[in-house]
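Please keep the structure open while reading.

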Amino acid sequence: LCLLALRKSKGHYIFFDKFVFQIHTISQSKADPCFIPPEWSNNEDDPCAAAVYCMGAVLRAAGAEQAADVDLFSLVNILTVAIVGTRPTAHRMGLMAKNQLRGRDVKTCLITIYEEIMGDEESNQAVHSISDQGIPPLATPAVIHQGSMGYIGSPTGNSTHLDETYIEEHSVDLDGSFEKFLFKDSPRFERRNSLVPARISGRQPSRSMRGKRKTRAVPEFYDHSRHPSIRLKAPSAKKKKMTLLRVEEADVQVELLNGQRIEVSCRTDSVARDIFSLVVQHMNINEHVFFGLSIMKDREYFFIDDHQRLEKFAPPGWKSAHKAGIRTDFVLYLRFRFYPQILDFIKTDVTMHELYLQVRHDIIEERIQPRRDAAYELAALALQAEFGNRPPPVIHDYFDNQHYLPRVYFSFIQTIRLQSLLAEMHGHYVGTKPTDAEHMFIQICQRHRDFGAHLHRVFRNKPTASQGSPPFDPDTGAALWIAIMPRGISVYEEQGSARELLAEHLWQDTQTLQFDRKKFVIIAIEGSQQTESIFYTDHHTKSAYFVKFSASQHRFMMRMRQWKSTLSHESTIQAMPDVCVEGREPRPGQTHSSGLGLTLVDGNLNGVKGVYVKSVVENGAGMRAVGFCSHSFKLK
């Protein structure tokens with residue numbers, strides 16, 4: 001079958017010498033039981049699952065179970081598992097194959113496959129010489145009748161079961177019927193195969209996609225969510241002391257802000273820091289301070305500290321999933337844990353783009369609830385950032401409303417009318433660069449009171465076991481939320497599709513935060529009086545998490561104050577007519593040799609952070625004023 005397939009491929013020429021190919025079909029009753037899917041005995045007919053089982057049965061019959069490759073042995077067991085629901089689909093098998101090839105030299109694999117099928121270049125030269133001696137260079141097999149293709153095991157058939165009434169043998173003689181297909185005018189064997197080793201290269205095709213304009217706007221996090229997972233392996237930790245805990249190999253998935261998933265192979269005793277470091281290194285993120293790994297429960301995100309073990313947050317059965325041969329999804333989410341209040345705090349384009357993706361999620365998922373006009377403006381900026389300039393006015397259906405607006409703003413408006421309005425607003429930003437549109441998008445979100453909010457459900461009274469955690473407060477009939485932010489804690493009540501602010505406790509007005517089992521208490525100072533706000537959670541771990549997470553947000557606010565002070569120092573220094581700051585463009589007419597001729601940098605000398613002099617222009621005013629100095633000194 002492989003030879004026939006290669007023979008029919010465009011540009012493949014294979015020489016056949018007296019070859020008879022026979023195809024036999026048999027009934028299910030005559031087939032070996034090891035090749036029959038077990039679900040057929042229960043009258044269950046799933047063609048895809050049956051095909052996967054048969055693939056595994058063929059591998060087993062070929063001796064895969066005796067192979068030294070452990071992965072191949074495990075694959076056979078997964079393919080032939082009796083329960084259909086736990087058997088991988090054909091699509092999943094394709095993804096597994098792609099993931100297995102990641103990190104391998106594809107060029108070498110293709111050359112190996114080519115030489116196995118077509119022979120090496122030396123044998124090819126031998127075929128050339130045979131062709132020169134008058135041996136027919138090409139043999140074309142007889143055409144197999146296509147009328148029977150829909151009967152057995154064919155995609156066009158109605159069932160994967162064999163038709164017992166259809167038992168026939170087809171023989172194809174490849175020796176005597178190909179004389180009329182000989183190419184007598186072509187004396188040499190010419191193989192124009194795309195798999196020739198000399199033609200295998202990493203070069204892009206001559207037709208580049210750069211010149212093609214996008215025809216539809218699709219957000220990055222919707223597009224990448226359809227891509228196969230990227231497989232990484234966490235580095236093995238150093239040997240630890242003997243422990244009674246069982247350690248197994250496991251997989252954990254990390255969903256990025258762009259929708260891409262990374263599947264990390266690790267040990268069950270790994271901590272969050274191991275996974276976080278591997279993922280941010282893969283994404284080339286240097287500003288780690290803003291990010292964190294989180295889990296999602298009841299549509300709420302809970303961040304994991306670096307030192308915490310993954311198995312503490314894993315779903316049941318995750319630790320023994322590999323050993324049992326089943327798959328248990330354990331998904332972590334890489335998100336912004338701390339939102340910068342000033343864009344100048346971000347120094348790299350990678351982090352800036354990730355912040356744009358984060359606030360895009362916040363708008364769509366209604367963590368940030370802007371007014372209607374602001375939501376439309378944000379949608380127009382997102383279109384400019386992700387699509388470019390608006391297409392001709394006659395085209396207005398080049399995007400989906402649900403990808404650019406919260407549900408509340410497109411559920412009750414006619415789709416075509418809303419698309420026309422957003423397309424018109426999109427045209428106002430023609431010529432704006434994508435990066436500038438992203439910055440404008442973030443700046444509008446920063447002006448909103450919900451920017452940087454981490455929302456969590458709370459209750460006024462302790463939920464009972466019979467009530468569980470209803471979607472609304474049993475007393476008021478409205479959901480109650482707290483938002484933990486760098487500036488403090490806000491309390492919201494859900495009214496209809498919007499959240500109304502009930503109270504805001506800034507850090508400077510908050511005296512203490514307490515928790516006692518499911519109780520969470522905020523003690524604040526309002527004027528000259530002390531107030532106490534009591535809330536309840538549906539689990540005792542949440543109240544403790546609120547206190548711990550709030551403390552980390554307060555520490556980050558203090559750090560941002562220090563950063564802001566550093567930025568103000570840089571602005572003051574940059575405004576000096578005779579000083580240049582490294583990494584900043586000098587003003588017109590300003591050079592290193594003008595004025596004092598100093599070059600300043602942020603530094604840390606003997607544990608003291610500050611702005612330091614990196615260099616002094618030779619024979620400049622600064623050199624003459626302070627004399628020759630071989631060491632940096634602190635300016636401020």
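At what angle do the axes of helix α11 and helix α12 cross? The answer is roughly 65°, with the axes coming within 8 Å. The model is predicted.

## Overall make-up

The chain has 636 residues, and 39% of them count as buried. Its secondary structure comes to 15 helices and 18 strands.

Contacts between residues at least 6 apart in sequence were also examined. Of these, 60% join residues at least 24 apart.

## The α11 and α12 crossing

Two packed helices are described by the angle between their axes and the distance between the axes. Helix α11 covers residues 372-387, and helix α12 covers residues 415-426. Angles of 65 to 115 degrees count as roughly perpendicular, and α11 and α12 are therefore roughly perpendicular to each other. The crossing of α11 past α12 is right-handed.

Which residues make the contact? From α11 come Tyr 376, Glu 377, Ala 379, Ala 380, Leu 383, Gln 384 and Phe 387. From α12 come Leu 418, Leu 421, Leu 422, Met 425 and His 426. By class, the residues of this contact are nine nonpolar, two polar and one charged.

## Leu 256 in its loop

Leu 256 sits in the loop between β4 (249-255) and β5 (261-267). Is Leu 256 buried or exposed? Its relative accessible area is 7%. Buried means under 20%, so Leu 256 is buried.

What does Leu 256 touch, leaving aside its neighbours within four places in sequence? Its contacts are Ile 262, Val 279, Met 283 and Leu 334. Leu 357 is 101 residues from Leu 256 in sequence. In space, the two are 9.8 Å apart, C-alpha to C-alpha.

## The three-stranded sheet

Strands of a sheet pair through backbone hydrogen bonds, either parallel or antiparallel. Here, three strands form an open sheet in the order β13-β14-β15. The pairing is antiparallel. The edge strands are β13 (510-516) and β15 (529-536), and each pairs on one side only. From one strand to the next, the twist averages 15°.

How many bridges join β14 and β15? Strand β14 (residues 519-526) pairs with β15 over eight bridges, in the antiparallel sense. Glu 526 stands opposite Gln 529 in β15.

Note on methods:
Residues are numbered from 1 along each chain as its sequence is written. This is a predicted model: local features need pLDDT of at least 70, side-chain atom pairs count only at pLDDT 80 or more; totals for chains, interfaces and linings use all residues. Side-chain values use heavy atoms; hydrogens and water are left out. Axes are lines fitted to C-alpha atoms, for helices over the stretch in contact, and angles run from 0 to 180 degrees between N-to-C directions. Helices (H or I, at least four residues) and strands (E, at least two) are DSSP runs, numbered from the N terminus. Angles under 35 degrees count as roughly parallel, over 145 as roughly antiparallel, 65 to 115 as roughly perpendicular and the rest as oblique. A crossing is left-handed if the near helix is turned anticlockwise from the far one by less than a right angle, and right-handed if clockwise. Contact means heavy atoms within 4.5 Å. Ala, Val, Leu, Ile, Met, Phe, Trp, Tyr, Cys and Pro count as nonpolar, Asp, Glu, Lys and Arg as charged, and the others, Gly among them, as polar. Buried means under 20% relative accessible area, exposed over 50%, partly exposed in between (1.4 Å probe, protein chains only). Two strands pair if DSSP finds at least two bridges between them.
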